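Welcome! Here is a short tour for someone meeting this structure for the first time. Take a look at the sequence and the model, then read on.

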Amino acid sequence: MANDSDENKPTSTAAMTEDDLLLQDQQLKQIEDEQKASPLVGDKLPFYALAGLYDPVSAITFFTKANELAAIYSDIRFIRGDGNCFYRAVLVGIVEILMKDRERLIKFIDTGREWMAKLVKLGFPDWTCSDFCEFFIEFLEKIRDGKYTEAEVFQNLNDDGTANYLLMYFRLITSGFLKDNCEEYAPFIAEGMTLQQYCETEIEAMWKEADHLSIMALVRATGIRLRIQYMDRSEAPNGGYQHDLPDEADNVTPDITLLYRPGHYDLIYRNLVAQ
Amino acid sequence: MAGYALKRLMTEYKELTTRPPEGIIAAPIDEDNFFEWECLITGPEETCFANGVFPARITFPQDYPLSPPKMRFTCGIFHPNIYADGRVCISILHAPGDDPTGYELSNERWSPVQSIEKILLSVVSMLAEPNDESPANVSAAKMWREDRAQFEKIADSLVRKTLCLPASEI
């Protein structure tokens with residue numbers, strides 16, 4: 001669960017024979033089948049479920065940290081590790097907020113329309129791009145108009161086709177934000193690639209993991225406050241290291257908190273009683 | 001899941017029939033199955049494939065457009081970027097990170113905002129300008145580089161074949 005698919009995909013350095021291609025297809029299929037064994041978006045589980053993933057003896061560092069975090073966080077939603085986990089966790093987090101906050105929902109629908117026009121202006125292919133934006137806007141409108149129960153919303157978020165169409169909206173606005181702020185972000189792109197190429201190959205394509213630049217872009221494009229709680233091997237006290245975006249502002253409650261384990265993001269919820 | 005793919009394929013079909021790109025015809029083989037298309041591509045002018053009309057099949061996955069389709073020429077075309085069995089090997093048909101020949105440029109990869117039309121236009125460019133750095137057909141790439149006259153002769157005989165003309169007398 002902690003590894004996303006791209007790490008497992010074989011990267012070829014030389015020309016492959018047809019047999020190699022066939023074998024690669026079979027291996028990819030196997031990885032895909034393993035991923036599909038877990039839901040795209042898990043049910044909300046007590047945070048202790050995380051500690052249960054680690055052996056108290058052989059993985060003592062992670063086990064201890066998971067228990068420390070359980071003092072602060074009450075629940076966790078596991079997200080499928082398919083390379084989309086960052087975008088999916090944000091999608092689910094935002095939809096949960098919008099289901100409870102009508103004013104914000106209406107504003108988000110308006111922003112969706114603004115983005116659709118802006119993306120076309122930025123040079124995105126018109127109707128293929130609008131297709132994803134319209135789909136996302138319609139989904140939010142159905143929530144606004146009370147056409148979906150909460151259970152139905154989560155059914156949609158767990159249906160491959162629907163969920164991945166919704167997710168594409170987030171990939172497109174991430175890419176759109178970077179292209180719109182090209183001068184500011186171009187210096188962060190690795191040499192040998194233009195910002196345009198980076199957006200097309202790393203963000204707009206499905207199943208590609210988000211890196212720091214795309215995370216920043218999505219946070220700013222959506223206007224959310226995001227906290228990333230790191231669960232790595234460092235033995236930091238009090239639950240470990242966390243990072244707030246877009247700015248490190250003390251005492252600002254984030255809208256969404258993600259748990260980062262090497263190569264993977266899950267959605268976590270603060271323990272409201274402890275606050 | 002296939003519902004979204006179907007809706008998108010129908011939209012693309014409509015786009016391609018109302019605004020067809022020059023020299024290209026593409027449509028589902030059967031109105032009951034939008035996931036299997038046939039297309040006819042005219043060889044680009046001023047190339048050895050000029051005037052030929054090359055038939056190909058495009059097969060779409062159930063999660064199209066999230067994943068790219070596959071394309072295969074059905075006319076036995078001899079070209080550096082087409083496998084012997086007709087499968088087309090160009091970057092736009094591959095998602096980033098999936099690079100069977102290991103030499104593809106990082107641009108023009110498949111992403112869900114690409115379209116069938118973009119693929120077909122890339123295929124036309126590929127016919128005009130083979131990329132011999134990432135050959136799917138090694139002997140075609142070798143001949144393209146070292147014996148252009150022979151390569152053009154083979155192309156010419158295929159062009160004639162697709163037009164049902166007798167073989168060249170040269």
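Helices (H or I, at least four residues) and strands (E, at least two) are DSSP runs, numbered from the N terminus. This is a predicted model, in which local features need pLDDT of at least 70, side-chain atom pairs count only at pLDDT 80 or more, and totals for chains, interfaces and linings use all residues. Residues are numbered from 1 along each chain as its sequence is written, while chains are lettered from A and ligands numbered from 1 in the order in which they are written.

- Chain A has 12 helices and six strands.
- Of its 275 residues, 36% count as buried; a residue is buried if 20 or more other C-beta atoms lie within 10 Å of its own, exposed if 12 or fewer, and partly exposed in between, with C-beta atoms placed from the backbone.
- Among the contacts in chain A with a separation of 6 or more, 74% join residues 24 or more positions apart; two residues are in contact if their C-beta atoms, placed from the backbone, lie within 7 Å.
- A nonpolar core is a set of buried Ala, Val, Leu, Ile, Met, Phe, Trp, Tyr and Cys residues joined through C-beta atoms within 7 Å.
- The largest nonpolar core has 111 residues, and those touching the most other members are A:Ala89, A:Cys133, A:Tyr169, A:Leu258 and B:Val123.
- Helix 9 (residues 160–180) of chain A gives the most to this core, with 11 residues.
- Leaving aside residues up to four places away in sequence, A:Ala89 touches A:Ile79, A:Leu258, A:Tyr265, A:Asp266 and A:Leu267.

**The annotated residue**

- UniProt, in an unreviewed entry, lists B:Cys89 under "active site"; UniProt positions are given in the numbering used here, feature names are shortened, and annotations may be inferred rather than shown by experiment.
- B:Cys89 sits in the loop between strand 4 (70–73) and helix 2 (116–128) of chain B.
- B:Cys89 is buried because 23 other C-beta atoms lie within 10 Å.

**Strands 3 and 4 of chain B**

- Strand 3 (residues 53–59) and strand 4 of chain B pair in the antiparallel sense over four bridges; two strands pair if DSSP finds at least two bridges between them.
- B:Ala56 stands opposite B:Phe73 in strand 4.
- B:Met71 and B:Phe73 form the covered face of strand 4 of chain B, whereas B:Lys70 and B:Arg72 form the uncovered one.

**Helix 4 of chain B and what follows**

- Which residues of helix 4 of chain B are buried? They are B:Phe151, B:Ala155, B:Leu158 and B:Val159.
- Seen down the axis of helix 4 of chain B, its buried residues fall within an arc of 105°, so they line one face of the helix; the arc is that of the directions from the helix axis to the C-beta atoms.
- Helix 3 (138–146) of chain B is included in what covers these buried residues.
- On the face turned away from the buried side of helix 4 are the exposed residues B:Ala149 and B:Gln150.
- In the segment after helix 4 of chain B comes B:Leu163, which is exposed, with 10 other C-beta atoms within 10 Å.
- B:Leu163 and B:Gly52 are 111 residues apart along the chain, yet their C-alpha atoms are separated by 6.5 Å.

**Backbone details**

- The peptide bond from A:Leu245 to A:Pro246 is cis, with omega near 5°.
- The peptide bond from B:Tyr64 to B:Pro65 is cis, with omega near 5°.
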